[in-house]
Amino acid sequence: MNPTEVAHVAKRDSFPMRGRFYRVIRDLHLYVGLLISPFVLVFAVSVFFLVHAWVPKIGAESSTTRVVAGVPLPADLENLSGRPLIDGLKAALKAANVPGEVGFVRRMIKEERLIVPVTVPGRETTVSINISNREATVVTRETGLADALITLHKAPGPHGGDIRMNWFYMKAWRWLADATVYLVLFISVSGVYLWYVLRAERKVGFVLLLAGAVLFFGMTYALQH
């Protein structure tokens, strides 16, 4: 067998492996894209609301107020702060039937009162605890679907790293948000690979990549100067 025939056989034998790899990447690109599409939609729609500072009112907002007596408080309440304080107040919030992510705890020393804002996507609750008589005033405001999307977009966020993610479901959302980012990166890389393999689309794809790069770096330069 001459060198030309050897090269032809080697090239022929490599095609099945290359074809199999292409099909695997193509299928993963498709199915992963379908899997994360609801999460991408949440981020995309909420970015529109944030950029334009407009939140559509879907349904009327409602607010309710109730009082809960005898909420449990930790014995060393005065010595607690940060995450230990939030953990110590979980029993009080459970007794008041207020689930959600605690944003912060505001101490009002003269009034002997704690103000605890608690957020669930689409609902904001303010719990005001009277330390002396262990009575909690709970004000709940339903904010709607659009506000819920904005809350999910901003969570977990860069602020209050020592206290945030104190609600299990918000922790789960953080895991899903991180997974979405990694899978979007995979979609991007695999998309470039699939475009490169399809020779008929290379010219159009190259023009679009170049246009996107020029637009991005041009806008970045304009904003900096």
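Student: Is Glu124 buried, partly exposed or exposed, and at what relative accessibility?

Tutor: A caution to begin with: this is a predicted model. Glu124 has 32% relative accessibility.

Now its partner. The side chain of Glu124 meets that of Arg141 in a salt bridge, at 2.5 Å from N to O. The two ends sit on separate strands: Glu124 belongs to strand S5 (residues 123–130), Arg141 to strand S6 (residues 135–142). They are 17 residues apart, and the pair links distant parts of the chain. Arg141 is partly exposed too, at 31% relative accessibility.

Other salt bridges come next. The count in this model is four. One of them joins Lys90 to Asp87, at 3.5 Å from N to O. Lys90 is partly exposed at 39%, and Asp87 is partly exposed at 37%. This pair also belongs to a network of salt bridges, in which Arg83, Asp87 and Lys90 are linked. Elsewhere, Asp27 and Arg26 meet through their side chains, with 3.5 Å from N to O. Asp27 has a relative accessible area of 31% and is partly exposed. Arg26, at 36%, is partly exposed as well.

The structure holds seven aromatic pairs. In one of them, Phe39 and Trp173 are tilted, with 6.1 Å centre to centre and 35° between the planes. Phe39 lies in helix H1 (residues 3–52) and Trp173 in helix H5 (residues 168–197), so this pair ties together parts that are 134 residues apart in sequence. Phe39 is partly exposed at 22% relative accessibility, whereas Trp173 is buried at 9%. Another pair, Trp167 with Tyr169, is edge-to-face: 5.3 Å between centres, 65° between the planes. Trp167 is buried at 18%, but Tyr169 is exposed at 55%. Both residues belong to one aromatic cluster, together with Phe168 and Trp175.

Strand S3 (106–108) and strand S4 (113–120) are the elements that give two or more residues to its lining. The lining has 13 residues, and Leu77, Glu78, Arg107, Glu112 and Ile131 lie nearest the centre. By class, eight of the lining residues are nonpolar, none polar and five charged.

Technical notes
Residues numbered from 1 in each chain as written. Predicted model: local features only at pLDDT ≥ 70, side-chain atom pairs only at ≥ 80, totals over all residues. Heavy atoms only, no water. 1 Å grid on protein atoms, 1.4 Å probe; cavity = no way out; pocket = protein on both sides within 12 Å on 5 of 7 lines; lining within 4 Å. Helix = DSSP H or I, 4+ residues; strand = E, 2+ residues; numbered from the N terminus. Nonpolar A, V, L, I, M, F, W, Y, C, P; charged D, E, K, R; others polar. Phe/Tyr/Trp six-rings, centres within 6.5 Å; stacked < 30°, edge-to-face > 60°. Buried < 20%, exposed > 50% of the residue type's maximum accessible area, 1.4 Å probe, protein only.
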